[in-house]
Amino acid sequence: MANVIVVGGGPAGLSAALFAQKNGLETTVFDTDQTWLHKAHLFNYPGIGSQDGTAFLETLRRQAEGFGVERVNAEVSDVSESGGGFTVTADGEDYDGDYVVLATGANRDLADTLGCEFDGDIVDVDVTMETSIEGAYATGAMVRTEEWQAVISAGDGAAAALNILSTEKGENYHDFDVPADADAVFGGMAGE
């Protein structure tokens with residue numbers, strides 16, 4: 001059983017997956033490649049002077065996959081609580097996980113199906129991006145009326161993953177690397 005299931009392969013979903021997998025949680029991302037990032041050109045993302053959104057997305061994917069994140073090209077049609085965790089259905093198959101991170105842009109249908117509480121039209125979350133359902137997280141445009149930025153979404157995904165990691169480790173967890181650890185942590189990706 002995967003520890004973390006992420007629905008959505010944009011900045012929020014891939015950030016959540018990267019942080020979770022890098023720190024020892026088996027993570028699966030369901031990605032239909034429909035992220036808005038394909039329509040973007042990044043001038044306002046820290047550390048990126050100017051880059052096409054699709055090129056940036058490819059870098060995010062390589063980084064996540066480099067740590068072992070499994071990406072499944074399938075649309076999730078349902079998510080439900082089951083056995084102390086969650087089951088997502090994609091292309092007629094069920095996948096189980098301990099946690100679920102919803103990163104589906106402004107599409108809030110899965111959060112509604114799961115039974116998450118809403119604040120008006122947006123999914124109600126706390127500062128860690130956890131919804132009203134323990135172990136279920138919502139990120140990015142799902143939780144913000146008009147603040148749809150790649151960097152904000154990536155931060156939401158990271159916040160969700162760090163909360164999951166803190167829960168799993170039983171203490172506040174921080175993902176912080178130093179230059180001396182780069183080769184051991186990142187291997188061939190250190191120069192990217």
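Trainee: Leaving aside neighbours within four places in sequence, which residues is Thr 139 in contact with?
Mentor: The model is a predicted one, and Thr 139 sits in the loop between strand 11 (136–138) and helix 4. Neighbours within four places in sequence are set aside here. The contacts of Thr 139 are then Ala 12, Val 101, Leu 102, Ala 103, Met 129, Asp 156, Gly 157 and Ala 160.

Trainee: Is Thr 139 buried or exposed?
Mentor: The cut-off for buried is under 20% relative accessible area. Thr 139 has a relative accessible area of 1%, so Thr 139 is buried.

Trainee: Met 129 is in contact with Thr 139. What is the phi of Met 129?
Mentor: Met 129 belongs to the loop between strand 10 (122–123) and strand 11. Its relative accessible area is 5%, so Met 129 counts as buried. Met 129 is not a glycine, yet its phi is positive, at about 80°.

Trainee: Asp 33 also has a positive phi. Is Asp 33 buried, partly exposed or exposed?
Mentor: Asp 33 is found in the loop between strand 2 (27–30) and strand 3, and its phi is about 60° although it is not a glycine. Buried would need under 20% and exposed over 50%. The relative accessibility of Asp 33 is 32%, so the class is partly exposed.

Trainee: Which residues lie nearest the centre of the largest pocket?
Mentor: The largest pocket has a volume of about 820 Å³. Helix 1 (11–22), strand 3 (41–42), helix 3 (109–114) and helix 4 (150–169) each contribute at least two residues to its lining. Of the 38 lining residues, those nearest the centre are Thr 35, Trp 36, Ala 103, Thr 104 and Gly 105.

Trainee: How many residues in the lining of the largest pocket are charged?
Mentor: By class, the lining has 18 nonpolar and 16 polar residues. The charged residues in the lining number four.

Trainee: Where does UniProt place the FAD/NAD(P)-binding domain?
Mentor: The record is an unreviewed entry, and it gives the domain in two segments, 3–39 and 59–152.

Trainee: How far apart are the end C-alpha atoms over residues 59–152?
Mentor: Over residues 3–39 the chain is 32% helix and 24% strand, with end C-alpha atoms 31 Å apart. Over residues 59–152 the chain is 18% helix and 35% strand, and the distance asked for is 18 Å.

Notes: Residues numbered from 1 in each chain as written. Predicted model: local features only at pLDDT ≥ 70, side-chain atom pairs only at ≥ 80, totals over all residues. Heavy atoms only, no water. 1 Å grid on protein atoms, 1.4 Å probe; cavity = no way out; pocket = protein on both sides within 12 Å on 5 of 7 lines; lining within 4 Å. Points joined across faces, edges and corners; volume = space filled by probe spheres on them. Helix = DSSP H or I, 4+ residues; strand = E, 2+ residues; numbered from the N terminus. Nonpolar A, V, L, I, M, F, W, Y, C, P; charged D, E, K, R; others polar. Buried < 20%, exposed > 50% of the residue type's maximum accessible area, 1.4 Å probe, protein only. Contact = heavy atoms within 4.5 Å. UniProt positions renumbered as here; feature names shortened; annotations may be inferred.
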